[in-house]
Amino acid sequence: MMDQAAILARKQFPTAMILPTTAVSKPDGVRAAVLRFVEKFGRPAVLYVKDEGYVTVDVVKSLVEAGAISWIKYAVVRDNPAVDPLLEAISNEVPRELLVSGIGEQPAIIHWTKFGVHAYTAGCVCVAPNRSQQMLEALKAGDIEKAETIRKGFLALEDLRNGYNPIQVLHHAVDLAGIAATGPQLPLLADLDSAKQAEIKKAALDLLAWSRE
């Protein structure tokens with residue numbers, strides 16, 4: 001990460017996202033590491049809150065107050081995204097304009113309406129970017145009903161992402177939908193089996209067809 005900070009410091013990117021790791025980190029260590037990265041990078045970074053316990057509310061607040069954070073990608077998966085004590089606590093302690101819903105289209109509306117998160121990172125945007133953009137525009141216009149109708153169109157592929165693995169599913173989806181040949185999975189991952197790929201192909205093709213209507 002520090003090697004990359006030195007490279008990024010020579011570039012014009014306004015920010016960079018620090019990918020989380022839970023196997024060899026503790027919240028106070030994350031705070032120290034982010035501060036060191038930002039010092040070398042020379043610009044605020046994106047904090048990716050992916051798992052419960054990766055950082056505490058106090059760590060998030062202190063990093064924001066130190067000017068080290070450009071925005072926060074919040075991506076802790078919940079069975080019910082409307083019940084999220086960590087997101088609620090963070091949203092009460094830092095400016096909400098820094099918060100971005102980071103788990104795709106599925107929880108974005110709840111995060112938007114309940115927790116004041118007014119942006120989201122798209123999940124299946126690599127298959128149906130226009131529909132994701134339409135959902136964002138509907139939310140900005142306050143048309144929650146339209147946004148919800150669009151969100152439901154993503155559910156089949158989004159459910160597979162959540163059920164198997166987001167990286168593996170989208171990697172296969174782009175290939176199986178005929179968008180681009182994505183090649184083999186990364187060495188630390190593996191191709192999903194043929195039955196799972198068949199599910200992904202159907203969902204991806206259905207989503208692609210819907211995006212072209």
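This report describes strand pairing, crossovers and cysteines in a predicted model. Local features require pLDDT of at least 70 and side-chain atom pairs count only at pLDDT 80 or more, whereas totals for chains, interfaces and linings use all residues. Residues are numbered from 1 along each chain as its sequence is written, and side-chain values use heavy atoms, with hydrogens and water left out.

**Strands and crossovers**

Helices (H or I, at least four residues) and strands (E, at least two) are DSSP runs numbered from the N terminus; two strands pair if DSSP finds at least two bridges between them.

| Strand pair | Bridges | Direction |
|---|---|---|
| S2 (residues 45–49) and S3 (residues 69–74) | five bridges | parallel |
| S3 and S4 (residues 99–101) | three bridges | parallel |

Leu 47 has Ile 72 of S3 as its bridge partner. From S2, the chain passes through helix H3 (residues 57–65) to S3 in a right-handed β-α-β crossover. Right-handed means that, with the strands pointing away from the viewer, the path from the first strand over the helix to the second runs clockwise. Tyr 74 is bridged to Ser 101 in S4. A right-handed β-α-β unit is also formed by S3, helix H4 (residues 85–93) and S4.

**Cysteines**

The structure contains zero disulfides, a disulfide being a pair of cysteine sulfur atoms within 2.5 Å. Cys 124 is buried (under 20% relative accessible area), at 0% relative accessibility. Cys 126 is partly exposed, at 33%, a class that lies between buried and exposed (over 50%; 1.4 Å probe, protein chains only).
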